[in-house]
Amino acid sequence: MKLWGGRFEKATDRSVDDFHSSISFDQRLAEQDILGSIAHATMLGEQNIIPQADADTIVSALAHMLEEVRAGTLAFSVDAEDIHMNIETILTERIGEAGKRLHTGRSRNDQVALDVRMYAMAAIRTAQENLRALIRALLSIARENLYTVMPGYTHLQRAQPITLAHHMMAWVEMLLRDIERLNGAYARADSMPLGSGALAGTTYPLNRERVRELLGFSRITNNSLDGVADRDFLLEYLSSAAISMMHLSRFCEEVILWASAEFQFIELDDGFATGSSIMPQKKNPDVAELIRGKTGRVYGDLMALLTAMKGLPLAYNKDMQEDKEAFFDAHDTWMKCLTTFTGMMQTARFRREKMARAAEGGFTNATDAADYLVKKGMPFREAHEVVGKLVLHCLKDGKAINDLSLAGLKEFSPLFAEDVYEAISILACVRGRNLPGGPAPEAVEAAIAQAEARLERL
């Protein structure tokens, strides 16, 4: 008989049991459910809501069950619907009448809200640690490549010379913001809902602050309706995951391009690439491609929960059972992508000579040629036009700006002098951009130090 079956004259249809049951996925909340129950039972005993002897018996039995959960030896049944009723059923089977007192002053509504918040808080800390590991890997690449010149792109066209270190630091900035977003999600999850009951609290003299203290939350929820109906914190986690996966996907797109014969900027380690079943020469960037593909899956998890929540009146509705599969799937997918991507980047080899050669082509120093004329007194718009004509001339002759003689340059402007060649050399173009946030080695070194300090604070 169901624990809630007193009001019913007929058992639920077997197909409804299967449809209704969530134990197949919410058993992941077993540890949180037991920890919450231990805190709740401890408080019930301290408040004399249930006999202290019963509270002690419950806590002892739950502690043993927690050990079984962690060892993977506690078996669950679909007949008990969900993790909460499974834990209570097993507890009652083991200790008898005392087990039936555990649910005093509590509803599955506030119980699941508690479990999911606790799981989300742990998931956030896991995600942040994996993000930190990736950031540290990128910082290492940046430190080793302060002088590795490469082209920067706009519209996927060569634009201006930068360094590989500067490029890596752009991704570091994005990932640091991913950690910051998760701090916000954690703060919103860090609110203890137990005591909200089904929706209106309870007449028992619960000590909610005591439960909060035992479970390590920073505060309790302020409204019993909101306490059981809120899933904003999960949506915020999923949003953070989706944004971070977008960052990974963009990064993967670059890795895929850079690994191609057309770029040849990066050589992926054999352990993070695959081959072809028919073309023996192939080395495919499948890891990067799969992460790019899995980004859509995490987007779908976010949209699934947004859609499930969008029409729900207060307070709890069974629709909210759909929160867990989306949350668990997004978390699992994101964590696998983060750890695999980190390994791929740690083992990749960058082809510095290919990057340098690419930076020297495509007129990436054209802006610096215009800036050279500006520094000689020419208005920027006029300098822009002069260098534009100069580039067109070079394109027709198949030359770079540096290939022209000084006499040839003077045909476009008498302001050109012998010092122009040094001014528009690729390394000079990079070193001249020494503003904070720029690609000059000194600026990037400062950015690395700032990022390391920021990482320590987050």
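**Note on the predicted model**

1. By the rule used here, the count comes to 1 cavity of 30 Å³ or more, where a cavity is a set of points, on a 1 Å grid over the protein atoms alone, at which a 1.4 Å probe fits but cannot get out. Grid points are joined across faces, edges and corners, and a volume is the space filled by probe spheres set on the points. This is a predicted model, in which local features need pLDDT of at least 70 and side-chain atom pairs count only at pLDDT 80 or more, while totals for chains, interfaces and linings use all residues. Residues are numbered from 1 along each chain as its sequence is written, and side-chain values use heavy atoms, with hydrogens and water left out.

2. The largest cavity, with a volume of about 30 Å³, is lined by His40, Met43, Leu194, Gly195, Leu206, Arg208 and Val211, lining residues being those that have an atom within 4 Å of a point. Two or more residues of this lining come from each of α3 (30-46) and α8 (208-215). The lining divides into 4 nonpolar, 2 polar and 1 charged residues; here Ala, Val, Leu, Ile, Met, Phe, Trp, Tyr, Cys and Pro count as nonpolar, Asp, Glu, Lys and Arg as charged, and the others, Gly among them, as polar.

3. The protein chain has 19 helices and 4 strands, which are DSSP runs numbered from the N terminus (helices are H or I, at least four residues; strands are E, at least two). Its radius of gyration is 30 Å, well over the 23 Å that the globule rule gives for 458 residues, so the chain is more spread out than a compact globule. That radius is taken over C-alpha atoms, and the globule rule is 2.2 Å times the number of residues to the power 0.38. Along its principal axes, the C-alpha trace spans about 100 × 50 × 40 Å.

4. Of the 458 residues, 50% count as buried, a term that means under 20% relative accessible area, with exposed meaning over 50% and partly exposed lying in between (1.4 Å probe, protein chains only). In the largest nonpolar core, which has 109 residues, Leu138, Tyr237, Trp258, Trp334 and Met345 touch the most other members, and helix α6 (residues 108-144) gives the most to this core, with 17 residues. Apart from it lies another core, of 19 residues, among them Val387, Leu404, Val420 and Ile424. Such a core is a set of buried Ala, Val, Leu, Ile, Met, Phe, Trp, Tyr and Cys residues joined through side-chain atoms within 4.5 Å.

5. Not counting residues up to four places away in sequence, the contacts of Trp258 include Gln264, contact meaning heavy atoms within 4.5 Å. Gln264 has a positive phi of about 60 degrees although it is not a glycine, and its place is in the loop between α10 (232-258) and β3 (266-267). At a relative accessible area of 26%, Gln264 is partly exposed.

6. Glu81 lies in the loop between α4 (52-71) and α5 and is buried, with a relative accessible area of 4%.

7. A further backbone point concerns Leu314 and Ala315, which are joined by a cis peptide bond with omega about 10 degrees; Ala315 is found in the loop between α11 (286-309) and α12 (323-347).

Key: On a 1 Å grid over the protein atoms alone, a cavity is a set of points where a 1.4 Å probe fits but cannot get out, and a pocket is an open set with protein on both sides within 12 Å along at least five of seven lines; lining residues have an atom within 4 Å of a point.
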